Amino acid sequence: MISIAVLGHGVVGSGVVEILRNNAAHITHKAGRPIEVKRILDLREFPELPYADRFTKNFDDILADEDIRIVVEAMGGLHPAYDFVKACLLADKSVVTSNKELVAAKGDELLAIAKERNLNFLFEASVGGGIPILRPLDQCLAANNINEIAGILNGTTNFMLTKMFEQGMGFDEALALAQQLGYAERDPSADVEGKDACRKTCILASLAYGKHVSPDEVYTEGITAITKEDVQYAEAMGGVIKLIGRVVHTEGDRLYCMVSPMILSTDNLLAQVKDVFNAVMVRGDSVGDVVFVGRGAGKLPTASAVVADVIDEVKHITARKYLFWESGEPGRVLDHAQASAAKLVRLTAEDTAAAKAQIATAFGDVTYVTVPNAPTNELAFITPTMTEGAIDAALAAFDGVSGVKALRIYIG
Ligand code: HSE
């Protein structure tokens, strides 16, 4: 028997307890011994639950209990999660977390403490919910130089974009439904502004390339500005809009990292990933493209990955899993203005012939995109592939135009 504790009995924490109870026989077999949830930390009370006697409001009950060898952190947020996780590691308890904010902000420090003390700090559920992605990236694809990682890393926004494309739903209606289904963060601005996808992009970049990448180094745009007109134009191009987290490895071991809505051609595998599903494409130099798809949010899918980490820690209670990265390095993540891009640009022209002349001068012979019922003075065109900085500078110099809006196009 091994005793564990769970910090937080919200969506993920309650799912962890539920899976450990419902699948106890199978999990005991996998782990080699029974796993007992000895303590659950939560400020609320749950008298109706059959395990109501396990709850405590006092973290010290867990910290001081030497029987508890593994702690699951499912509280979310940076504080007090960071303080509790650090204290657990310093008290020689291995930790499993689903908390992407914590791992993206403090992963290097917590991994270093775990390494120093011969413990494990595992966080498979922090990226892609139930999708196995971190272990495969770290272990199964270890032989490869990873050239690129691109993923749909937020279930809420993928669900919303799917509803906006397929059912013509408005932004607010789609968000309310995602919240009702338990996909969204407590503060859904983290979803719709791209911060959640940014944290997951940082974790993938840190693990794949061995040094910590912080959220503040990653250019991040969410989906709050995506309109029905954008949806129409993407469809007219034969594409869909997805919120993509992308890391491209470039010369000198530098990285381009970005989170942004992008237009993807419908034949791209990521374009076919709908609803709350997440997907991560990893491009290795030997293996080629590998795509991982599954449920990226929700109680049991996320808890499934957490419990798998718990089982792994039980099996390796006296041995370390070598999931690790070092501290970050200033300048390693390049300015996105230097990255190559093509964009769908939409603008309103005072004089369309004059605007077309400026477009030809700046971008050459471009492809125009039209949609039914667009205003007659609206122009939409696809830029050639150039640096982002060059595209933005050319657009900023245009005369006699307004409402300039540019959407990135994913070029693999
Ligand atoms: N709010 C997150 C999402 C939960 O929608 O993907 C899983 O990280």
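Predicted model: local features only at pLDDT ≥ 70, side-chain atom pairs only at ≥ 80, totals over all residues.
Residues are numbered from 1 along each chain as its sequence is written, and side-chain values use heavy atoms, with hydrogens and water left out.

Now for the layout of the chain.

Next come the pockets. On a 1 Å grid over the protein atoms alone, a pocket is an open set of points where a 1.4 Å probe fits, with protein on both sides within 12 Å along at least five of seven lines, and lining residues have an atom within 4 Å of a point. Grid points are joined across faces, edges and corners, and the volume is the space filled by probe spheres set on the points. The largest pocket holds about 1,100 Å³. It is lined by 47 residues, and Ala 74, Met 75, Gly 76, Glu 185 and Arg 186 are the closest to its centre. Sorted by class, this lining has 14 nonpolar, 20 polar and 13 charged residues. Because domain 1 and domain 2 both give residues to the lining, the largest pocket lies between them. Helices α1 (11-22), α5 (100-116), α7 (155-166), α9 (189-192) and α10 (195-209) each put at least two residues into it, and α10 gives the most, with 4 residues. Helices here are DSSP runs of H or I with at least four residues, and strands are runs of E with at least two, numbered from the N terminus.

The second largest pocket has about 360 Å³ of space. Of its 17 lining residues, Arg 246, Val 248, Ala 339, Ser 340 and Ala 341 are the closest to the centre. Domain 2 and domain 3 each supply at least three residues of this lining. Strands β9 (239-250), β10, β13 (340-349) and β17 (401-409) each bring at least two, with the largest share, 4 residues, coming from β10.

Thr 266 sits in the loop between β10 (254-265) and β11 (277-284). At a relative accessible area of 44%, Thr 266 is partly exposed, since buried means under 20%, exposed over 50% and partly exposed in between (1.4 Å probe, protein chains only). Beyond its neighbours within four places in sequence, Thr 266 is in contact (heavy atoms within 4.5 Å) with Gly 238, Gly 239, Val 240, Ala 271 and Gln 272. Its C-alpha atom is 14 Å from that of Ile 244, 22 residues away along the chain.

Lys 200 belongs to helix α10 and is buried, at 4% relative accessibility. Setting aside neighbours within four places in sequence, Lys 200 touches Lys 100, Ser 126, Val 127, Leu 153 and Asn 154. As for cysteines, Cys 88 is buried at 0% relative accessible area, whereas Cys 140 is exposed at 63%. The disulfide count is 0, a disulfide being a pair of cysteine sulfur atoms within 2.5 Å.

Terms used: Nonpolar A, V, L, I, M, F, W, Y, C, P; charged D, E, K, R; others polar. Domains from an automatic or database assignment.
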